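Reader: I am new to reading protein models. Can we walk through one together, feature by feature?

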Amino acid sequence: MNMVARIYRPAKTAMQSGKAKTDAWLLEYEPEVARKIEPLMGYTSSRDMKSQIRMSFENLEEALAYAQKYGIPYRIQEPKEANRRKVSYTDNFRYDRQQPWTH
């Protein structure tokens, strides 16, 4: 039974304003068995030991080379880049502004 690995670059968390820890590529195994809730304490558990493996690589090529070397079937998830507009505080006071500045 061969599990599929997912190779991806993590997105920044909601608590981050910068891009720290988002440049490494990760290789994780996709879950093979659903998690179950332990009835007494309510913990979630899984018998899937490979779900605990998380390996990081500097670039996509290294992650692909590792997966191919060890015969791991993989799926690549391309990162979605955010479209950021360049805004400037001084644009609020431009004389050729299209809309009037109001509060």
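Reader: Leaving aside neighbours within four places in sequence, which residues is Ala63 in contact with?

Author: First, a caution: this is a predicted model. Now the contacts. Sequence neighbours are set aside, and what remains is Ile7, Leu27 and Phe57.

Reader: Which residues make up the largest nonpolar core?

Author: A core is a set of buried nonpolar residues joined through their side chains. Here the largest one has 12 residues. Met3, Ala5 and Ile7 belong to it, with Trp25, Leu27 and Tyr29. Phe57, Leu60, Ala63, Leu64, Ala67 and Ile72 complete the list. S1, S2 and helix H1 (60–69) are the elements that give two or more residues to this core. H1 supplies the largest share, four residues.

Reader: In which sense does S2 pair with strand S1?

Author: Strand S1 (residues 5–8) and S2 pair in the antiparallel sense, over four bridges. Trp25 stands opposite Phe57 in S5.

Reader: Which way do the side chains of S2 point?

Author: Start with the general idea. Side chains in a regular strand alternate between the two faces of the sheet. In S2, Trp25, Leu27 and Tyr29 point one way. Leu26 and Glu28 point the other way. All of these residues are buried.

Reader: Why is S2 described as largely enclosed by the rest of the structure?

Author: Count its buried residues. Five of the five are buried, so S2 is largely enclosed by the rest of the structure.

Reader: Take Glu28. Is it buried or exposed?

Author: Compare its relative accessibility with the cut-off. Buried means under 20%. Glu28 is at 18%, so it counts as buried. Glu28 is found in strand S2 (residues 25–29).

Reader: What does Glu28 touch, not counting residues up to four places away in sequence?

Author: Val4, Ala5, Arg6, Tyr8, Ile53 and Arg54. Then check for polar contacts. The side chains of Glu28 and Tyr8 are joined by one of 3.2 Å.

Reader: Let us turn to Arg75. Where is it found?

Author: Arg75 is in strand S6. Use its accessibility again. Arg75 is at 38%, so it counts as partly exposed.

Reader: Which residues is Arg75 in contact with, leaving aside neighbours within four places in sequence?

Author: The contacts of Arg75 are Val4, Ala5, Arg6, Ile7 and Glu30. With Glu30, the side chain of Arg75 makes a polar contact of 2.3 Å. Val4 shows how the chain folds back: 71 residues separate it from Arg75 along the chain, yet their C-alpha atoms are 7.1 Å apart.

How values were computed
Residues numbered from 1 in each chain as written. Predicted model: local features only at pLDDT ≥ 70, side-chain atom pairs only at ≥ 80, totals over all residues. Heavy atoms only, no water. Buried < 20%, exposed > 50% of the residue type's maximum accessible area, 1.4 Å probe, protein only. Polar contact = N/O pair within 3.5 Å; in protein donor to acceptor, adjacent residues only side chain to side chain. Contact = heavy atoms within 4.5 Å. Pairing = 2+ DSSP bridges. Core = buried A, V, L, I, M, F, W, Y, C linked by side-chain atoms within 4.5 Å.
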